[in-house]
2 protein chains.
Amino acid sequence: MPDATALTGAIAPVVTPFRADLSPDPARLVRLCRWLLASGTGLAPFGTTSEANSLSVGEKLALLDALVEAGLPPQRMLPGTGCCSLTDTVELTRRAVRHGCAGVLMLPPFYYKAVTDDGLYASYSEVIQRAGDARLRIYLYHIPQVSQVPLSPTLIERLLDAYPGTVAGIKDSSGDADNLRSLLARFAPRGFAVFPGTETLLLMAMRGGAAGCISAQANINGTAIGALCRDWQRPDAEARQSALTAFRATIQKFPVIPAIKATIACSTHDDGWATVRPPLVALDAGQRAALAAALPADLALSGLEAVVAA
Amino acid sequence: MPDATALTGAIAPVVTPFRADLSPDPARLVRLCRWLLASGTGLAPFGTTSEANSLSVGEKLALLDALVEAGLPPQRMLPGTGCCSLTDTVELTRRAVRHGCAGVLMLPPFYYKAVTDDGLYASYSEVIQRAGDARLRIYLYHIPQVSQVPLSPTLIERLLDAYPGTVAGIKDSSGDADNLRSLLARFAPRGFAVFPGTETLLLMAMRGGAAGCISAQANINGTAIGALCRDWQRPDAEARQSALTAFRATIQKFPVIPAIKATIACSTHDDGWATVRPPLVALDAGQRAALAAALPADLALSGLEAVVAA
């Protein structure tokens with residue numbers, strides 16, 4: 001059974017390293033994940049930041065297998081498994097469960113828009129039934145500005161009522177503070193784990209009973225995010241929140257996923273990290289220089305250079 | 001080489017039949033495609049109406065193989081191959097080219113929103129280079145209300161300049177008459193095939209140099225759509241247009257994809273046709289009855305019952 005305490009704190013939707021031919025590079029991914037774990041950050045491979053939907057199912061399965069075969073702990077992993085296709089979602093979810101992953105982060109099918117709650121309920125329900133494993137823990141993934149398929153409170157409640165225990169939590173990446181507050185108030189008392197998808201709302205969320213934070217920025221600022229998840233009741237919490245918010249604002253001056261990869265490329269002196277798959281576009285030289293100048297000197301990537309070179 | 005005349009007139013984004021366990025049913029698909037071809041309608045399997053993005057790549061490859069193995073002419077086929085993942089799009093596109101399909105209908109990668117023209121150009125460009133086959137003909141698929149990733153005239157021109165011959169046309173499903181007019185005026189003179197995605201704009205489009213029409217309704221009203229593609233200069237063209245528009249309005253009183261499948265179920269007395277994959281939801285009994293009552297008595301599905309029972 002997954003350890004319920006494993007999935008708390010800062011969790012990174014880990015960026016996916018590509019070789020020059022745009023194929024995923026499992027060895028590099030393992031090294032980054034090892035560094036993230038060592039600095040206390042959990043792993044959510046195959047999130048939006050991971051360019052997961054730019055990968056085939058086969059590529060994702062191979063990467064997940066590589067992480068587990070490298071000895072990284074599945075109980076600290078929350079791989080994204082939600083695809084447009086029912087059969088793809090089932091295949092990825094089954095593999096994650098078989099590996100003993102703590103849970104899966106599941107987008108709704110996102111091609112059709114204006115779908116009904118009945119249709120979304122049927123989607124999640126089919127996946128749960130086809131996975132057919134009591135160990136499955138699903139964390140719903142609400143990111144309407146990208147998926148364009150919001151998950152309504154009514155849908156969440158219906159899923160939670162039908163599959164208590166299995167439907168275990170949500171990543172709310174809407175950035176909508178009211179929605180986050182409402183999810184916390186309505187579902188956290190039932191043991192449902194609510195994770196803001198942005199650390200700008202982290203202190204508020206922790207005060208409301210959040211489980212932690214799953215944010216792109218946890219790839220490069222996970223230590224600080226994790227510290228606030230842990231120490232939100234301490235007097236310096238507001239200052240920590242301000243620092244997280246300021247850091248995020250720096251990254252958000254650039255396209256976020258390429259900027260996070262460029263930050264890792266910069267810290268590790270390994271340009272390959274900057275590679276993205278189309279339709280994303282890597283930062284150009286001018287953007288790279290501006291980003292490097294804007295990053296705080298004490299950026300908590302210390303140690304990454306050594307680890308990735310190992 | 002594909003026959004340039006093969007891809008004109010009415011083309012149906014063929015609905016995908018499912019068995020009770022939601023697996024695709026190749027035998028049924030072959031029968032529907034045979035009937036469509038016999039009534040003069042071309043085939044665009046794996047379009048939006050086909051629930052293509054609710055299928056895995058493996059399921060799509062198996063269905064395409066089944067169509068070709070059944071002896072249906074690839075030169076009348078325009079399979080949809082555009083996925084979120086670069087590698088998925090390449091795999092499907094290669095198979096379509098290898099089978100000698102007339103072309104492929106290619107969505108842009110549609111998970112990320114607000115992507116740049118540079119990123120979309122790189123996506124299409126990578127696919128073309130990886131397909132690596134001079135026989136490839138790409139028909140761009142502009143359906144911004146669903147994909148949320150529009151294809152701008154600037155992007156189209158850039159692709160057409162870089163890959164003349166390969167970038168062969170577009171399906172404009174925006175429903176925006178101004179956009180359609182502008183595409184026709186700007187690109188049709190270069191031999192670029194423009195297909196409206198809705199037959200409500202068909203007469204206007206044919207007068208402007210369109211190649212035909214790729215519409216969901218061509219699954220069940222292909223004969224009439226094809227007739228206007230052919231006879232748009234005849235005096236009864238306006239009346240034909242009005243009839244197409246009225247038919248579409250009848251179907252659009254219901255969720256369109258389930259309604260088209262229910263129409264086929266009704267005409268063939270085979271309820272299995274009504275099955276959809278989540279997140280779509282089949283019409284309920286009341287909707288089915290209302291649809292049956294609303295359909296014109298002379299619906300041009302004559303012959304389908306016999307063909308599908310064969």
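B:Asp178 and B:Arg181 form a salt bridge in which the closest N and O atoms are 2.9 Å apart. The model is predicted. Over all chains, the count of salt bridges comes to 36. Chain A superposes on chain B by a rotation of 180°, and five cavities of 30 Å³ or more are counted.

- Helix α7 of chain B covers residues 177–187 and holds both B:Asp178 and B:Arg181.
- The two residues are three positions apart in this helix, about one turn.
- B:Asp178 has a relative accessible area of 55%, and because this is over 50% the residue counts as exposed.
- B:Arg181 is partly exposed, at 44% relative accessibility.

- In chain A, the side chain of A:Asp231 meets that of A:Arg234 in a salt bridge, with an N to O distance of 3.6 Å.
- A:Asp231 is at 13% relative accessibility, which is under 20%, so A:Asp231 counts as buried.
- In chain B, a salt bridge joins the side chains of B:Asp231 and B:Arg230 at 3.8 Å, N to O.
- B:Asp231 is buried, with a relative accessible area of 11%, whereas B:Arg230 is exposed at 60%.

**A salt-bridge network in chain A**

- A:Glu157, A:Asp161, A:Arg186 and A:Arg190 belong to one network, joined by salt bridges that share partners.

**Relation of the two chains**

- Two copies of a chain are related by a rotation about an axis and a shift along it.
- Here the rotation is 180° and the shift along the axis is 0.0 Å, with chain A superposing on chain B at an RMSD of 0.0 Å.
- This is the relation of a two-fold axis.
- Of the interface residues of chain A, 100% are also interface residues in chain B, so the copies meet through the same surface.

**The largest cavity**

- The largest cavity has a volume of about 190 Å³.
- Its lining consists of 20 residues.
- Nearest the centre of the largest cavity lie A:Cys83, A:Cys84, A:Asp88, B:Cys84 and B:Asp88.
- Helix α2 (57–69) of chain A and α2 (57–69) of chain B each supply at least two residues of this lining.
- By class, the lining has 11 nonpolar, five polar and four charged residues.

Conventions:
Residues numbered from 1 in each chain as written. Chains lettered and ligands numbered in written order. Predicted model: local features only at pLDDT ≥ 70, side-chain atom pairs only at ≥ 80, totals over all residues. Heavy atoms only, no water. Salt bridge = Lys/Arg side-chain N within 4 Å of Asp/Glu carboxyl O. Buried < 20%, exposed > 50% of the residue type's maximum accessible area, 1.4 Å probe, protein only. Helix = DSSP H or I, 4+ residues; strand = E, 2+ residues; numbered from the N terminus. Least-squares fit on C-alpha atoms with pLDDT ≥ 70 in both. Contact = heavy atoms within 4.5 Å. 1 Å grid on protein atoms, 1.4 Å probe; cavity = no way out; pocket = protein on both sides within 12 Å on 5 of 7 lines; lining within 4 Å. Points joined across faces, edges and corners; volume = space filled by probe spheres on them. Nonpolar A, V, L, I, M, F, W, Y, C, P; charged D, E, K, R; others polar.
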